[in-house]
Amino acid sequence: MKDIQYTDNFTSDYFKDVLTIFFDALPDPIFVINENGLILRVLGGNSHKINCFPDIRESQYLHDTLPKEIADACVHTIKKAIKDDSLTCIDYEVDKEYLSSEFFSNQFYQGRISPLKQHESDLRAVLWIAINITEKVLFTKKLNELATKDELTGIKNRRYFNEVMKRTFDIFQRDKVSFCTLMLDIDFFKKVNDNYGHDGGDALLKSLTCTLKESLRDIDLIARYGGEEFIALLPNTEKSNAFIVAQRVRLAVEKSIVQHNAHKIKVTTSIGISEISPEDIDYESVIKRADVALYEAKSTGRNKVVMR
């Protein structure tokens with residue numbers, strides 16, 4: 001059997017077919033875009049229709065298919081990649097209204113941009129690989145949410161609260177903007193668990209969370225600090241106003257009734273208040289004073305507010 005003799009045309013056509021199959025098999029689309037944002041080539045199969053921007057075509061400018069702020073960022077990144085003559089990456093979000101009907105939420109992409117070599121007289125161009133990273137972004141957001149949110153009540157947890165307190169303390173060090181902290185817990189919470197079970201206690205904690213949200217301002221931060229203990233940060237607030245807020249919370253809890261199965265659960269809360277002071281060396285000092293005030297409220301009769 002004689003060896004097949006390849007002609008130049010046959011070889012050229014063969015490798016064109018191979019490249020076509022190769023690009024069709026890629027999960028992510030590839031674009032050749034010049035430094036002005038003109039799309040010169042769209043490489044790949046149908047993946048670009050579901051993996052990137054809708055109706056993107058050759059001889060079309062990025063500003064014709066993308067929101068202006070995203071198109072501006074993309075062109076800037078292209079120019080940077082060409083100037084640096086190196087691989088450059090950009091992460092960006094595209095609103096679902098700019099995407100095809102298959103998408104029911106915003107999509108996130110990473111553009112990997114590599115400059116192409118060209119004659120000096122020509123406009124420079126880049127190879128742009130658009131990678132859909134939506135699943136990764138949403139998964140990371142979910143992990144961050146789980147790391148900062150209390151699973152039972154849905155409000156922030158102790159870790160997140162401490163991070164915000166640290167930033168707030170740093171702002172006070174710079175700008176001297178006062179803030180207060182409320183520390184509160186449910187009086188005789190153990191009796192609730194003993195009488196109504198842990199599901200009754202959980203129902204009470206959820207109800208208390210709603211009461212706190214209704215009693216505090218939108219700018220106030222509420223967190224579950226542990227067990228039946230809650231904490232609130234009141235920014236731009238002095239102790240006298242914090243006392244009014246705390247009394248409002250205390251009365252709201254006292255009046256509330258939690259319906260659990262056939263039972264009606266009523267409780268009270270004790271609250272400790274502290275205000276940031278120039279003598280405080282860190283945010284933990286502020287929280288500690290509120291905790292001491294809470295202990296005093298509980299040890300001197302409960303269902304009361306104490307300031308330190």
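Two strands are said to pair if DSSP finds at least two bridges between them. The legends below use that rule for a predicted model.

**Figure 1. Overview of the protein chain.** The predicted chain has 308 residues, and 44% of them count as buried. Nine helices and 14 strands are found in the chain.

**Figure 2. The open sheet that runs from β3 to β4.** Six strands lie in the order β3-β2-β1-β6-β5-β4, and their pairing is antiparallel. At the edges are β3 (60-61) and β4, each of which pairs on one side only. Strand β2, residues 38-43, is joined to β3 by two bridges in the antiparallel sense. Leu-38 has Tyr-61 of β3 as its bridge partner. Helix α4 packs on this sheet and touches β1, β4, β5 and β6. The direction of α4 makes about 175 degrees with that of β4. Helix α5, residues 134-148, also packs on the sheet, where it touches β5 and β6. Its direction makes about 125 degrees with that of β5.

Figure 3. Helix α4 covers residues 68-84, which is 17 residues. At 1.5 Å a residue the helix should span 24 Å, and this agrees with its end C-alpha atoms, which are 24 Å apart. Which residues of α4 are buried? They are Ile-70, Ala-71, Cys-74, Val-75, Thr-77, Ile-78, Ala-81 and Ile-82. These residues cover an arc of only 160 degrees around the axis, so they lie on the same side of α4. The cover over them includes β1 (30-34), α3 (62-65), β4 (88-94), β5 (107-115) and β6 (125-132). On the face turned away from the buried side, α4 carries the exposed residues Lys-68, Glu-69, His-76 and Lys-83. After α4 comes Asp-85, which has a positive phi near 55 degrees.

**Figure 4. The open sheet that runs from β7 to β14.** Six strands take the order β7-β9-β10-β8-β13-β14, and the pairing is mixed.

Figure 5. Strands of a sheet pair through backbone hydrogen bonds, either parallel or antiparallel. Two bridges join β7 to β9, and these strands run parallel. Asn-157 has Arg-224 of β9 as its bridge partner. On the β10 side, β9 is joined by five bridges and the strands run antiparallel. Here Arg-224 stands opposite Phe-230 of β10, and Ile-222 has Ala-232 of β10 as its bridge partner. The hairpin of β9 and β10 has two residues between the strands. In this hairpin, Gly-227 takes a positive phi near 60 degrees. Is β9 mostly covered or mostly uncovered? It is mostly covered, with five of its six residues buried.

Figure 6. Strand β8 and β10 are antiparallel and share seven bridges. Phe-179 stands opposite Pro-235 of β10. Strand β10 is largely enclosed by the rest of the structure, because six of its seven residues are buried. A residue counts as buried when its relative accessible area is under 20%. How many bridges pair β8 (residues 179-186) with β13 (residues 269-275)? There are seven, and the two strands pair in the antiparallel sense. Leu-184 has Ile-271 of β13 as its bridge partner.

How values were computed:
Residues numbered from 1 in each chain as written. Predicted model: local features only at pLDDT ≥ 70, side-chain atom pairs only at ≥ 80, totals over all residues. Heavy atoms only, no water. Helix = DSSP H or I, 4+ residues; strand = E, 2+ residues; numbered from the N terminus. Expected span 1.5 Å × (residues − 1). Buried < 20%, exposed > 50% of the residue type's maximum accessible area, 1.4 Å probe, protein only. Arc of directions from axis to C-beta. Contact = heavy atoms within 4.5 Å. Axes fitted to C-alpha atoms, helices over the stretch in contact; angles between N-to-C directions.
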